[in-house]
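Please look over the model below before reading on. The points after it are meant for someone new to it.

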Amino acid sequence: MKKTFTINISGTVFHIEEDAYEVLQKYLVKLKNHFGTEEEGKEILGDIEARIAEIFTEKSSGEKDVITLAWVEQIIETMGTPEDFVEEEGEEDEVFTSSAKRKRRLYRDPEHRVIGGVCGGLSAYFNMDPVILRIIFVVLLIVTSIVPALLAYLVLWIAVPKAVTTAQRLEMRGQEATVKNIEKSIREEVKEVKESYKKFKESDTYSKGKKKVEGAGEVTYNVFKLLLKVAVVIIGVILIISGFFGLLGLISSLAIGHSFVQGWPLVWGPEINFPDFLNYLVEPGTVRLGIIAVGFLAGIPLLAMLYVGSKLVFRYKSNNTAIGLSMVGVWLIALITLFVISTNQLGNFKNQASVVENTTIDCDSCQTLYLNLAEDKYKGYAAQGWDLNKLKVMEVAGERVILGNPRLDVEKASGNSFVVTVRKSSRGRTRETARDHASDLIYRFQQQDSILFFEPYFFLEEGDKWRDQEVHINVKVPEGGTIFLDEDMVDIIYDIENVTNTWDADMVGKYWEMKPDGLTQRELEAIPESIQDSIPTEME
């Protein structure tokens, strides 16, 4: 009983006995030590292993065949050892070649091919000059028909294998694939390649081509360098212009309140009066500090743009890092200051509270209530540049007024009367403060018989700050009651639920009756004549 191993030689798996494995391993190690330091050593060893794998494959007749010691010794005897061909270094190549003759095999020669290597392989097989065979093939093409000659060439191209490995190339020339012959073949190939490269390098074509390539490379480098310089200058000019006018816009916005470069491209041009904007948000005493922090926070990057742009354009050197570090430090201080101010002011929005006012409509005989929008007294006045949650600032007769848009909804009443509920809400640092802000909101509506006129805006009292104030109006309609929405009411109605899921904009100009299922559209023709006679003239 002998141990067996599984080995991989040149991509092929074999089973080998233990004693045969040891001998084969020692043999390959000797070859590696001999060729390992050579430049083409790896290629020689690869071809030798490929030849050994080919011999083992030929000897194996089935998957259960195991490589024995006798097979390994026979391969070593056939291939030769490093000691054998070291002793023969003084002998001539012809003597060695003549002692290692074997039967030739037909391959296609890829090294001397013009099309497929068929003529090159035939010349090696018959030991002829490939040029002679090619002349014969051309003569056959001329004398005979072209089709048979081409067909024969294609058949040989497909049927004859290509000599890929060194062992196959030696076999094509009738030489034994021994270690010595494989080494000799590879060395000749490497020598041939070196000589061809040397001739090409010494030729006029190489020198002229080298000069052309170097000249083209130099021109390309200079053009690229010029384009890069132009691009750097353009970027620098853009940075200078943006930084300069940005600083002008920032200073005018913070100091004066309006930017005289407003709307210019690539510059700071806010559409709001920044100091006034902060006055409506933060508590007194922190506005000036906040403006200074914002000025440094936005101004230092703009100064950096000016500095970098001028360096790109004028290419001066500046190694004063103290100024740069100081500016970074000031910017960080401004950022921290603005963060502290913002965090403190956010406390003013911590709690929310509401104040509700209910008004029962005094009109017992009214079956239909007409909802109209009161006259917009601020129509035509321009807002002062900002809008926070439907709150905006208007300047009327030299005075600034903060106003917002209310929202109106319609619901079913629990009793038999029309009721208008006005819910005012606001935020504050405490619930009591939030309730005070909500109570200070001013909103009015008026009743004239069966007509209700709703103001289009609610107002903040003078001195109040923005605290997310809102006004929600609920018109509660008893079951069987009807409302008419005037066209102008589209400005304040918001998400009124109805049976047909009609959009708010499509509800105006129509009558709606409160039924058990909800608000339902009612056609004018269905209203009794007694009620139609009571509709005001302007409503009809």
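1. A caution to start with. This is a predicted model, and every value here is computed from it.

2. How many salt bridges does the structure hold? There are 3.

3. Lys 424 pairs with Glu 357; their closest N and O atoms are 3.3 Å apart. The two partners come from distant parts of the chain, 67 residues apart. Lys 424 sits in strand 9, residues 419-428. Glu 357 sits in strand 3, residues 351-360. Is Lys 424 buried or exposed? Lys 424 is buried, because its relative accessible area is 5%, under the 20% cut-off. Glu 357 has 36% relative accessibility, so Glu 357 counts as partly exposed.

4. Strand 9 also holds Arg 427. The side chain of Arg 427 meets that of Asp 468 in a salt bridge, at 3.6 Å from N to O. Asp 468 has a relative accessible area of 19%, so Asp 468 is buried. Arg 427 is partly exposed, because its relative accessibility is 23%.

5. Glu 513 and Arg 522 form a salt bridge through their side chains, at 3.9 Å from N to O. Both Glu 513 and Arg 522 are buried.

6. Now the surface. Which residues make the nonpolar patch of about 530 Å²? They are Tyr 125, Phe 126, Met 128, Ile 132, Ile 136 and Leu 140. Helix 6 (118-126) and helix 7 (130-143) each give two or more residues to the patch. Helix 7 gives the largest share, 3 residues. Met 128 is in the loop between helix 6 and helix 7. Met 128 counts as partly exposed because its relative accessibility is 34%.

7. Two backbone angles deserve a look. Most residues other than glycine have a negative phi. Asp 449 has a positive phi, near 60 degrees. Asp 449 lies in the loop between strand 10 (445-448) and strand 11 (451-454). Its relative accessibility is 67%, so Asp 449 counts as exposed.

8. Asn 501 also has a positive phi, near 55 degrees. The loop that holds Asn 501 runs between strand 14 (482-485) and helix 16 (504-507). Asn 501 counts as exposed, because its relative accessibility is 67%.

Key
Residues are numbered from 1 along each chain as its sequence is written. This is a predicted model: local features need pLDDT of at least 70, side-chain atom pairs count only at pLDDT 80 or more; totals for chains, interfaces and linings use all residues. Side-chain values use heavy atoms; hydrogens and water are left out. Helices (H or I, at least four residues) and strands (E, at least two) are DSSP runs, numbered from the N terminus. Buried means under 20% relative accessible area, exposed over 50%, partly exposed in between (1.4 Å probe, protein chains only). Patches are made of residues with over 30% relative accessible area and no salt bridge: like charges are joined within 9 Å, nonpolar side chains (Val, Leu, Ile, Met, Phe, Trp, Tyr) within 5 Å. Accessible areas come from the Shrake-Rupley method with a 1.4 Å probe; for residues, only the protein chains shown count as cover. A salt bridge is a side-chain nitrogen of Lys or Arg within 4 Å of a carboxyl oxygen of Asp or Glu.
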